[in-house]
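Subject: Structure handover

Hello,

Here is the structure I promised. Please open it and keep it beside you while you read. My notes follow below.

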Amino acid sequence: MEKIRIAVIGMGYVGLASGMAFAKHGFKTICTTTTPSKAENLNKGIPPFFEPELEGLVKEMVEKGMLSGSINNTEAIKKSDVTFICVGTPSLPDGSADLSAVESSAKDVGTILKDKNDYHVVVTKSTIVPGTTENLVLPIVEKYSGKRVGKDFGLCMNPEFLRQGQAVHDSLNPDRIVIGQFDKRSGDVLQHIYGSYDCQKMRCEIKAAELIKYAANSLLAIKISFANEFSRISEKFNIDVYEVMKGVGLDFRINPMFLNAGCGFGGSCFPKDVKAIVALSKKIGVETPLLDAVLYTNELQPMHLVDLIKHTVGNLKGKTVAFLGLSFKPDTDDTRETRALPIIKKLYQEGAHVKAYDPKAYNKFKLSTDLPIEYMDTWEDALKNADFSVIQSDWQEIRDIKPQDFKRLLRTPVVIDGRRSYDPEYLIKNGVTYRAIGWKNLDD
Ligand code: UGA
């Protein structure tokens, strides 16, 4: 096979991290976006969002001429042999996925393939429910190109499993690659692209690849909601749920990952994907009691943290809260579905005032609320003269705060932890009143 050239439509986490990884593996890649400033910045080596280590690698690939940004899908697809569709599929009000960006990308690909004579492989990488690639993307590409799948162009579905905050590591070193293929010829092209990726590769039919993505995210969400349900049971017995989950995770059939109880899962994936598969199942007459409960538990957890706060400090009226961590998890500026929002809303309803600190997430968080939150420059400013502190996302610099700091800065050294950011014994031994989800919270 000649050296393959790649077009990636979409410059979000999946599009850019995958594009960077393709470039790093030796494939010339053009990532497209509809926002001119994002393309311009990419060509200067600046990614459109914060992600550890991404900027350095993007810069290196851009300087080597292996990666570039563009707002011109036509140009990018013309200059490539494979097009990855990596656009967003946000939730609609009924929980189903909005496919308009996938549809318009398919139209662009079809229109351009009309005048392109070489064999081209179209790959969907966006998270889409089973049937979308073959029943939506395929007919659109055929209609607009006037060409036939399997003869003139190939078709694959290649789900992405990277985590935000670890996008660089995960895209360069995935633990598996799933290739859903229309036919062997299409799949062989992806197998070739991923030839130097050192991990397990699985080939299957396109629909199965689409469902694997939802099943994988649903199972991870199940593990978290399971640990969260046990956190509330454990508290009633004065047992540490982290100890319980450690014992559970030692079973190699289960493993210890994603059993960390806390104030619930956020982000652009678990909430959206579980809702989407639930919505689809309802449409096709399949009951999903397990996944319904996963989502319900996830709504309970942030409110459980507020209950824990009230149980610890009493009436919240007039109290100032030092709220640490607004992003949905550390090492990202993404605040989509962050648990910070329902918790802070409830704190205000109860009459409290919030001084917040986050290393990266202010710009995005501010778009989601106009509550009179004070956004502080440092965690020290947030803690200073606040009545107590609440932890929502455990950035390393927040985990590094010492008991002495809480004692020095807060009016009363009380920490209520939604992410188990600290060793409870250490904080307590050093004079901090510590409460956490799934910790031994019963009063002595
Ligand atoms: C998740 C999956 O982990 C990726 O494999 C997948 O590719 C991605 O969704 C996606 O579909 O694009 P991500 O949302 O970036 O990745 O972040 P996670 O690390 O999975 O965390 C999601 C949420 O779960 C966070 O709010 C985190 O705090 C919470 N979480 C995670 C827990 O509450 N407990 C845990 O044990 C693990």
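How far does a polar side-chain atom of K213 lie from an oxygen atom of the ligand? The distance is 2.6 Å. Bear in mind that this is a predicted model.

In N217, a side-chain N or O atom is 2.7 Å from an oxygen atom of the ligand. For K329, the corresponding distance from a side-chain N or O atom to a ligand oxygen is 2.9 Å. The protein buries 90% of the 710 Å² that the ligand exposes when taken alone.

Now the shell. There are 19 residues around the ligand. Those that come nearest are L162, Q164, K213, N217 and C269. Sorted by class, the shell has nine nonpolar, six charged and four polar residues.

Which elements give two or more residues to that shell? They are α9, spanning 206-237, and α11, spanning 270-283. The largest share comes from α9, with three residues.

These two helices also pack against each other. The angle between α9 and α11 is about 115 degrees. Their axes are 9 Å apart. Is the crossing left-handed or right-handed? For α9 and α11 it is left-handed.

The residues that make this contact are as follows:

- From α9: L211, K213, Y214, N217, S218, L220, A221 and I224.
- From α11: F270, D273, V274, A276 and I277.

By class, the contact of α9 with α11 has nine nonpolar, two polar and two charged residues.

Best wishes

Definitions and conventions: Residues numbered from 1 in each chain as written. Predicted model: local features only at pLDDT ≥ 70, side-chain atom pairs only at ≥ 80, totals over all residues. Heavy atoms only, no water. Near = heavy atom within 4 Å. Polar contact = N/O pair within 3.5 Å; in protein donor to acceptor, adjacent residues only side chain to side chain. Areas by Shrake-Rupley, 256 points an atom, 1.4 Å probe, with all protein chains shown as cover. Helix = DSSP H or I, 4+ residues; strand = E, 2+ residues; numbered from the N terminus. Nonpolar A, V, L, I, M, F, W, Y, C, P; charged D, E, K, R; others polar. Axes fitted to C-alpha atoms, helices over the stretch in contact; angles between N-to-C directions. Left-handed = near helix turned anticlockwise from the far one by under 90°. Contact = heavy atoms within 4.5 Å.
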